[in-house]
Amino acid sequence: MAFIGALCLILVLTTLAGHFCNRMGIPAVIGQILVGIVIGPAMLGLIHNTNLVQTFANIGVIMLMFIGGLESNLTLLRRFLKPAIIVAMCGVIMPVVLMGATAALAFHYGTFEAIYIGVIFSATSVSISVAVLRDYHALDTSEGATILGSAVADDIIGVVLLSIMISLMGTQGSRTQTNSLGLGWILLEQIAFFGGTYLVVRWIAPYLMALSEKLVMNASVTIMSMVICLGMAYLADVVGLSGAVGAFFAGIAVAHTPYREVVEAHTEPIGYAVFIPLFFVGIGLSMSFNYLTQAIGLIVTMTVLACISKFIGCGFGAALTGFNRQSSFVIGAGMISRGEMGMITAQIGYQAGVLSRASYSEFVVVIILATMVAPLALKQALKLLPKDNRQGERSFTVDASK
């Protein structure tokens with residue numbers, strides 16, 4: 001029963017923390033992580049990262065990624081296909097090069113670690129940008145649509161990069177006897193998994209969801225969606241991937257069925273009521289301040305680069321596709337925000353031994369700081385747009401001389 005008491009305390013504190021963070025205009029996830037830091041070994045030591053807490057946190061990762069897949073609006077990506085893909089690619093390449101291949105190496109990380117650090121900061125957390133865009137009535141502008149479409153694209157790119165890095169983890173560290181044949185088999189499993197994912201999206205998920213509606217059972221549609229989610233998470237784990245990767249694609253599969261709204265309405269309360277807060281609290285419970293005083297330079301440098309890499313990379317990509325300077329600033333600022341995907345990637349790297357506990361704690365702090373800067377930067381960038389541009393899609397202008 002000790003876990004029940006700990007769970008009750010965590011839910012009370014994360015709810016209050018989320019409430020006050022939202023009132024102050026700060027993402028609720030930051031408050032939940034801070035709860036873990038305060039009540040965990042880093043400060044008060046009231047709760048520790050036990051097996052039960054970790055199990056609930058793992059389910060939280062799966063639920064979070066499944067919901068992320070459900071919310072991935074590929075229609076926006078098709079509508080603004082060219083600018084979204086170019087912005088997303090520039091926004092992925094710049095952090096990998098600037099933060100991974102350059103800064104991380106300068107701080108004496110190994111080559112594999114450095115690339116992994118770049119992957120951590122390659123994805124954008126679109127939920128924060130959506131809130132700011134809605135406040136400024138800019139969701140239905142070309143800038144807003146491009147930000148959303150690019151966030152969908154770079155999340156998918158980030159998941160693919162993460163899966164590749166997870167595959168390559170087997171060739172690192174103590175497993176030095178892994179040869180090229182072993183790596184080839186791993187890559188073959190990766191291809192088979194993504195091939196199976198296509199089948200699930202195209203045929204299997206629609207068939208199973210339609211079948212579930214005919215079952216005489218309460219919440220049969222939601223249950224079937226969870227079967228698809230957990231099943232794909234399990235299969236991803238079997239082939240050496242993270243279960244979060246399988247859950248993400250399961251969400252995309254269910255989102256392409258007529259039951260998306262029902263499933264989303266039912267699964268969000270399940271996830272956010274219990275499991276997802278445990279994931280973010282677990283991040284805080286895993287942190288330690290023992291190393292932070294020795295890494296102030298790293299944290300400050302990486303936080304600045306986390307903001308600059310997305311702002312410049314995505315802003316440059318927007319300019320390449322014909323957006324004017326003000327619109328490029330908005331798109332660049334709208335892509336700064338990090339969040340769930342970066343934290344998930346960092347945690348996977350920590351659990352796999354790619355990142356040390358010290359590095360993990362340092363990069364979680366960087367993610368939190370960059371996430372706090374993001375909404376402020378986007379608000380300032382939106383003020384550069386003429387008010388007329390916030391009423392519709394009028395700010396996408398292509399220079400005819402290009």
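Two residues are said to be in contact here when heavy atoms of theirs lie within 4.5 Å, and helices (H or I, at least four residues) and strands (E, at least two) are DSSP runs that are numbered from the N terminus. The structure is a predicted model, in which local features need pLDDT of at least 70 and side-chain atom pairs count only at pLDDT 80 or more, while totals for chains, interfaces and linings use all residues. Residues are numbered from 1 along each chain as its sequence is written, and side-chain values use heavy atoms, with hydrogens and water left out.

## Overall make-up

The secondary structure of the chain consists of 16 helices and zero strands. Of the 402 residues in the chain, 53% are buried, where buried means under 20% relative accessible area, exposed means over 50%, and partly exposed covers what is in between (1.4 Å probe, protein chains only). The chain exposes about 17900 Å², of which carbon and sulfur atoms supply 67%, the areas being computed by the Shrake-Rupley method with a 1.4 Å probe, and with only the protein chains shown counting as cover for residues. Among the contacts in the chain with a separation of 6 or more, 81% are accounted for by residues 24 or more positions apart.

## Helix pairs

Helix axes are lines fitted to C-alpha atoms over the stretch in contact, and the angles run from 0 to 180 degrees between N-to-C directions. The pairs described below are set out in the table.

| Helix pair | Axis separation | Crossing angle |
|---|---|---|
| α13 (residues 296–320) and α14 (residues 325–334) | within 7 Å | roughly 140 degrees |
| α10 (residues 220–238) and α11 (residues 243–255) | within 7 Å | roughly 145 degrees |
| α5 and α8 | 8 Å | about 50 degrees |

Angles under 35 degrees count as roughly parallel, those over 145 as roughly antiparallel, those from 65 to 115 as roughly perpendicular, and the rest as oblique. The helices α13 and α14 are therefore oblique to each other, and their crossing is right-handed; a crossing has this hand if the near helix is turned clockwise from the far one by less than a right angle, and is left-handed if the turn is anticlockwise. On the α13 side the contact involves K310, F311, C314, G315, A318 and A319, which meet S328, F329, I331, G332 and A333 in α14.

The crossing of α10 and α11 is right-handed. Here S225, I228, C229, M232, A233 and A236 in α10 meet G243, G246, A247, F249, A250 and V254 in α11.

The helices α5 and α8 are oblique to each other, and their crossing is right-handed. Their contact is made by P83, A84, V87, A88, M89 and V92 of α5, together with T146, G149, S150, A153, D154, I157 and L161 of α8.

## Residues in and around the helices

P95 lies in helix α5 and is buried, with a relative accessible area of 0%. Leaving aside residues up to four places away in sequence, P95 touches C90, G100, G118, F121, S122, S309, K310 and R338. Although P95 and K310 are 215 residues apart along the chain, their C-alpha atoms are separated by 6.8 Å.

In helix α8 (residues 142–169) one finds S142, which counts as buried at 1% relative accessibility. The C-alpha atoms of S142 and F80, which are 62 residues apart along the chain, are separated by 8.3 Å.

Helix α6 is mostly covered, with seven of its 10 residues buried, and these are F112, A114, Y116, I117, G118, V119 and I120.

## Loop residues with positive phi

In the loop between α5 (81–106) and α6 (111–120) stands H108, a residue other than glycine whose phi has a positive value near 70 degrees. At 74% relative accessibility, H108 counts as exposed. A219, placed in the loop between α9 (180–213) and α10, also has a positive phi, near 60 degrees, and is partly exposed, with a relative accessible area of 43%.

## Cysteines

A search of the whole structure finds zero disulfides, a disulfide being a pair of cysteine sulfur atoms within 2.5 Å. C314 is in no disulfide, and the nearest cysteine sulfur, that of C90, is 7.6 Å away. C314 is buried, at 0% relative accessibility, whereas C8 counts as partly exposed at 48%.
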